[in-house]
Amino acid sequence: MIDFSYTIWILLIPLIVFVGTGLTGNRFKPNVTGIIGTTGLGINFLLAIITAYKYFFVLDKVGGAFQKVLGFNMTWLHLTDKLHIDIGVLLDPISVMMLIVITTVSFMVHIYSLGYMKGEKGFARFFSILSLFSFSMLGLVIATNIFQMYIFWELVGVSSFLLIGFYYEKDSAVAASKKAFIVTRFADLGFLIGILLLSYNTGTFDFITLTGPNSPAFTSGQGIMFLGMSTMTWSMLFIFMGGAGKSAMFPLHIWLPDAMEGPTPVSALIHAATMVVAGVYLVARMFPIFHHEQSGLEIVAWVGGFTSLFAAVIACTQYDIKRVLAYSTMSQIGMMMLALGVSGYGGEEGLGYMASMFHLFTHAFFKALLFLGAGAIIHSVHSNYMNEMGGLRKYLPITHATFLIACLAIAGIPPFAGFFSKDEILVATFHHNKILFAMAYLVAGMTAFYMFRLYYNVFWGKDQHYHHTPHEAPATMTVPLIVLAIGSTFAGFIPFSKLVTSDGMPFETHTEWGIAIPAVFIALVGIGIATVLYMRKSETSKKISIALGGFYTAAFNKFYIDQVYLFITKKILFNLVSRPIAWFDRHIVDGAMNQIAFVTNVASDKIKGFQSGQLQQYALAFVSGVIGLALLFIYLWTN
Amino acid sequence: MFEGVPIHWFLVLSTVMFFIGIYGFLVRKNLITMLMSIELILNSVCINFVAFNKILYPGHLEGMYFTLFIIAVAAAEASVAIAIIINIYRRIVNIDVENMNEMKY
Amino acid sequence: MSFLLLFIVIPVLTTIGIFFSKTHMQVKWTAVIGMGCQLILAGTLIYLFLAARAAGNTAEILFSTDMVWYKNLNIHFFIGVDGVSVAMIGLTSIVIFAGIFASWDVTDLPREFFTSLILLAGGVFGFFISLDLFTLFLFYEIAVIPMYLLIGIWGSGPRHYSAMKLTLMLMGGSALIMLGLLGLYFNSAPGGGQLTFNIIQISKVTIPMAAQRFFFPFLFIGFGVLGALFPFHTWSPDGHASAPTAVSMLHAGVLMKLGGYGCYRVAVFLLPGAAHEMAWIFLILTTIGVVYGAFGAIWQKDLKYINAYSSVSHCSLVLFAVLMMNQTAMNGAIMQMISHGIMTALFFALIGMIYGRTHTRYINEMGGLMKVMPFLAVAYVIGGLASLGLPGFSGFVAEMTIFVGSFQHNDVFHRVCTILAVSSIVVTAVYILRVVGILLLGKIKNPEFNHITDGKWFDRISIVVLIIGITAIGMAPLWLSDMINNGLVPVMQRILLAGPVLH
């Protein structure tokens, strides 16, 4: 056995960096903090690579399958006799893969931010929180038990909150950060309830026990039915709710587009490549149980498929380039969920699982690249809106080239990374459900369309009147772009089915040309339409949008989901629940207490009138009392 | 010497006197008058004592003694009361009982 | 003689010292030194306690002293600690220490102010170390009475009304407690023999069920009034809003815990049979309290009201967990008391400091304070995050222990209540973020606020002490949890003996 206990440093390094830079605050020069943070992440990156090498290539497989290895474990809190929260490091194919993804993207984003955030007021704060995020995200993926995952899940949420609200003097940023936190918090409530249900029925939090072949989750909690589903299915659904919140699945997606208020590197790291796939990772982590509760998995597939299509439609109508990318992220994550939802378990059956993880991996590269490219664009023209851009390919050659690679990758054009992973998803979906396949197929076409709509609008067409001539970003920003572009180009050639599978057993994949060719075809169609409409700024696109009428308006307004939420929270929760409760408390509950005091007061006021000070009144009372008593005695006497 | 006078007569007399006294005490506002009413009450009691002594225990004199005792005490009491009344008069130039309500509440 | 007596002697000596101090500075420093000693003593106590346990001392009560006080009624002065009371003493010493610094700028009658404050703290310390019902009650009253003076004299707003309301409601609770205690006393020897107030002795006898049923509501509601049991919580918003900073801190931080501790130590521990039977009634009330307090907080505009309602929600969770009557939930209840104590003290300290600078407590009159007072603002955010149960802070540990523990209950009713209570975490997030968003973030609304200053050194000491408390528990909860568990074992044994948890 190889000793993996050093992997705990993957957690400790960012934590130390966070605490150190957080406490020193602005006492150092901002650059020092930035460099400390970047170095820390660089070391982490190396550790992750070493770990991945050791895990995949050195460690012996048992029965041909990759094993789950407990690199480190310690008890953090005892709850009951059976339940205890541990903090540790669990290594298995998906967690190691996630380590690579997170450290790579995070490292690149750190380097990029050194240039992008230069001169910002909260430079040190930014890097400090970035370290906090890296710590939490890494802790999430290497969690040994579901409760550790929940702990880091919450921490990821808060670092996302802090980073979205980085420009805290901007009201829209504050509102967006609040929204992101509360929506995901609501989803986390589901997650927590799911954990409670799960732990009640199985008596453990531990992933190895829960997802092993003799998992208590397969046997317990089956008997009790609620609304036609067993307790275990419900618990999985609740857990999925948590995942759906983090991964911005419909209808808990509303926070993600707004989260683009944060600095662009943050969008790249958190809201594209790493945090938002946590939900996918969660489902993948619990996959054996999901697979056992087939109806739960079916819901995962449909939610994923629907979100994917829904977001793709909205992405076609948006003008803010970061929002287009945000909806694109939603759509791609929907694809991953869909792939998980249609997957079987074990060996080739688990094609969807593999495809999902594969897509997660490649998506991280090209989506981070897209965001960082968008950052470079925004950096140079100081606008987020694509209709204020155009002809930038002359000014930003490196950004242009890398952005094009990313667009091709996400559109699924071979030989770029997106093609391979998306193809596997389509294959897996095709064998499971034809309607879902049709949806995924449509999404593939639309993805190509809206990405190239974006691409042409930004880089082609006429020059706009810029305040100053746009210039290429500094090397700290272009180097990460190039590195990620290389990743986006070649990541597809990694033999994923040999490494990351549902049960650890490697298997062979064969390209199904019957699906791959039409997929490339529809992507080309999408690109073609975009080329026709947007390569030169023409009026055709506007005409089409007018022709679509109400549907376009609805999509442009994100199908009014935000308004629905606003109605529910503002009108119903605030005005119809919270306000009456506040009133009730002040006037009924407190009023009752005041009323008691008041009654006492009044009663005493009335009684004190007897003590009038008038001698004759007392005498009268006395005499009438005596007479009364005398009469009473006489009456009693005679009877 | 009152052999023919039935006991009722005494009782009626004393009761009438007693209630006149009570009435006066409750109704009159002048402290002196109220004091006089109290004297009436006392005297009505004295009459009762004497009458019952004569009828119930003709050979004894306890009732008589007690009456004398009451008269003596009443005299002392009247002097004390009048002293108080004079003091009150000096303070508030008034002996109306309704003004003497400082000890309420 | 046990050194626990020092916990009462030091506050008394400090008040004497304050009495003989001449200047404001002397008064304050005497208070600091006294309460600093108390803090060190509490640290020593925790160390000695853990060391004694590690050395294998398994006695139920450590460091006990028993003195006869009034022989005819068998009243003793009996003090001692178990894991739970050690934890509570730790909490009290932290909060009072921070409270002294938070009230550094009290200029109006400082001598009397600090005397009452320390008297109050002394009462609380006495309460937590007492194991005799009579002395327990005595210290309870000592802790409650100075509150009237502190709010009535140094308070703000409708302070006379608030002080009166608070004191009368708590006195009403005391009356119920007194009845309950007498009930316990006269039933403490059902087989004949010497009646006793000794908690440990009473816990060894079985009080007849009829008496238990009769007296349990007295005790639970009586202590519940102080523990913000719905619907007897309404003294809390007014009282806190009118009280001066340090008093709010101590009151919400420590005094409200007397209620929770009393419910646990007296009501449930000594009357477990009735507790089993009647828990459902109070569970409904506390579940309402948890959700209701949180929703009530959303609509408030005054910072102190927000925090008072938040306290209602959190303290109801304490009683909720006590009523679950299993070891994990109980443990969570104690941790929640400690966690909420430190957290809410932090909040009230910060609110006091913010008020001292802006002269308003209405959140919509403020905004963008992060820019002018980053230290206080960051501390507020930390407090807020702790309050909404973020991992790494004490709130998370306590709440999760409660939720997991409560959910292990076999009864569906209890689990449904748990889920309802769990839902409060979202509402908590809403009101915390609302306040943070309006108060600290955004642009500065009032130009006058451009000139206000950040926390001074004494403000910082107070806040740093509290934040260390929160994070220390939040990062490494194991020692605390184990210490409390240790104290809970005999309690749980007795509760389990008394009746089946599984209805």
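Two residues count as in contact if their C-beta atoms, placed from the backbone, lie within 7 Å. This is a predicted model, in which local features need pLDDT of at least 70, side-chain atom pairs count only at pLDDT 80 or more, and totals for chains, interfaces and linings use all residues. Residues are numbered from 1 along each chain as its sequence is written, while chains are lettered from A and ligands numbered from 1 in the order in which they are written.

**Chains A and C**
- Of the 2 pairs of chains that touch, A and C have the most contacts.
- Here 37 residues of chain A meet 40 residues of chain C.
- On chain A, the elements giving two or more residues to this side are β1 (69-78), α5 (146-164), α6 (171-202) and α25 (561-608); helices (H or I, at least four residues) and strands (E, at least two) are DSSP runs, numbered from the N terminus.
- The largest share, 13 residues, comes from α6(A).
- By class, this side of chain A has 23 nonpolar, 6 polar and 8 charged residues. Nonpolar means Ala, Val, Leu, Ile, Met, Phe, Trp, Tyr, Cys and Pro, charged means Asp, Glu, Lys and Arg, and the others, Gly among them, are polar.

**Chain B**
- Chain B has 11 residues in contact with 10 residues of chain A.
- Those residues of chain B divide into 7 nonpolar, 1 polar and 3 charged.
- Chains B and C do not touch, and their nearest C-alpha atoms are 22 Å apart.

**Helix α26 of chain A**
- α26(A) is hardly covered, with 0 buried residues among its 24; a buried residue has 20 or more other C-beta atoms within 10 Å of its own, all placed from the backbone.

Key:
A residue is buried if 20 or more other C-beta atoms lie within 10 Å of its own, exposed if 12 or fewer, and partly exposed in between; C-beta atoms are placed from the backbone.
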